[in-house]
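Here is a short tour of one protein model, written for someone who is new to reading structures. Have a look at the sequence and the 3D view, then follow the points below.

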Amino acid sequence: MVIRGVVFDLDDTLYLERAYVESGFAAVSRRMAEISARPASECRAQLGQVASDASFRGRVFDEVLRRDPQLAARVTVRDLVETYRSHEPTISLLPGAVDLLEGLRQRGLKLGMITDGPVASQSAKLTALGLSGTTDPTILTDAWGIEFRKPHERAFERVEELWGYSGEQLVYIGDNPLKDFVAPRRRGWLSVRLVHPEQLHIREQPAALEASPSESVHGFAEAARVLALWQ
Ligand SMILES: [Mg+2]
């Protein structure tokens, strides 16, 4: 098999998503502090208390405002979500990510990206990580609508069209067995699950063969070795 292009996921593949969450909570804490004239550290603790309870996942800000009517009188959930999504994140690439990307490029492979999530957030992450313009295409699926998030095949099909390669010549590298490997597998791509300690989905297992990656690797150096074998 001869691969020609490698497409990456972003969150928890090239940087740690928990760092983004921390950065977002810090931004929201500053906003809460500004509105309520309290120390940001106190607001951060208030967020942390709710966020530590998994049952509030996806509605942390709703719960924070429900518990704090004074704050709720001055700010909306929507405003806090907007603050979180549009903040300039303090995040960095995982060690070894740049070497892998550069190494693949030097070996003549095309590099692309397919990532889900609000367009403003994903764009801000790419800028903060210095990745803007380094992959082509960079597909933010939410720009088409959230119904095109993985496991939808549209983004993978688009890469094949743009590059003029078939699935057998392409690889997708991601972290999340719940959604990352379904579409590439259906389209005949190879796929790699990159495992880093501290990922949010590290304990998830693929539900079935259809959701399984071709290979699982621990870290970028091992990924580079697998890709070299396929090239
Ligand atoms: Mg991911």
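The centres of domain 1 and domain 2 lie 31 Å apart, taken over C-alpha atoms. The chain is divided into domain 1 (5–15 + 91–230) and domain 2 (19–86), with bounds that come from an automatic or database domain assignment. Keep in mind that this is a predicted model: local features need pLDDT of at least 70, side-chain atom pairs count only at pLDDT 80 or more, and totals for chains, interfaces and linings use all residues. Residues are numbered from 1 along each chain as its sequence is written, and side-chain values use heavy atoms, with hydrogens and water left out.

**The sheet**

- Six strands make up an open sheet with parallel pairing, in the order β3-β2-β1-β4-β5-β6.
- The edge strands, each pairing on one side only, are β3 (138–140) and β6 (215–218).
- From one strand to the next, the twist averages 20°.
- Strands here are DSSP runs of E with at least two residues, and helices are runs of H or I with at least four, numbered from the N terminus; two strands pair if DSSP finds at least two bridges between them.
- Strand β2 (residues 110–115) pairs with β3 in the parallel sense over three bridges, and Thr115 has Leu140 in β3 as its bridge partner.

**Helices on the sheet**

- Helix α8 (residues 154–163) packs on the sheet and touches β1, β2, β3 and β4; contact means heavy atoms within 4.5 Å.
- The direction of α8 makes about 155° with that of β2; axes are lines fitted to C-alpha atoms, for helices over the stretch in contact, and angles run from 0 to 180 degrees between N-to-C directions.
- Helix α10 (residues 220–230) also packs on the sheet, touching β1, β4, β5 (190–195) and β6, and its direction makes about 140° with that of β6.

**The magnesium site**

- Which residues hold the magnesium ion? Asp9 (OD), Asp11 (O) and Asp175 (OD) coordinate the magnesium ion at 2.1 to 2.2 Å.
- Donors are N, O and S atoms within 2.8 Å of the metal (3.2 Å for Na, K and Ca); water is not among the atoms, so sites may look incomplete.
- Along the chain, the donors follow the spacing D-x1-D-x163-D.
- Asp11, in the loop between β1 (5–8) and α1 (17–36), and Asp175, in the loop between β4 (170–174) and α9 (182–186), are 164 residues apart.
- Both Asp11 and Asp175 are buried (under 20% relative accessible area; exposed is over 50%, partly exposed in between, with a 1.4 Å probe and protein chains only).
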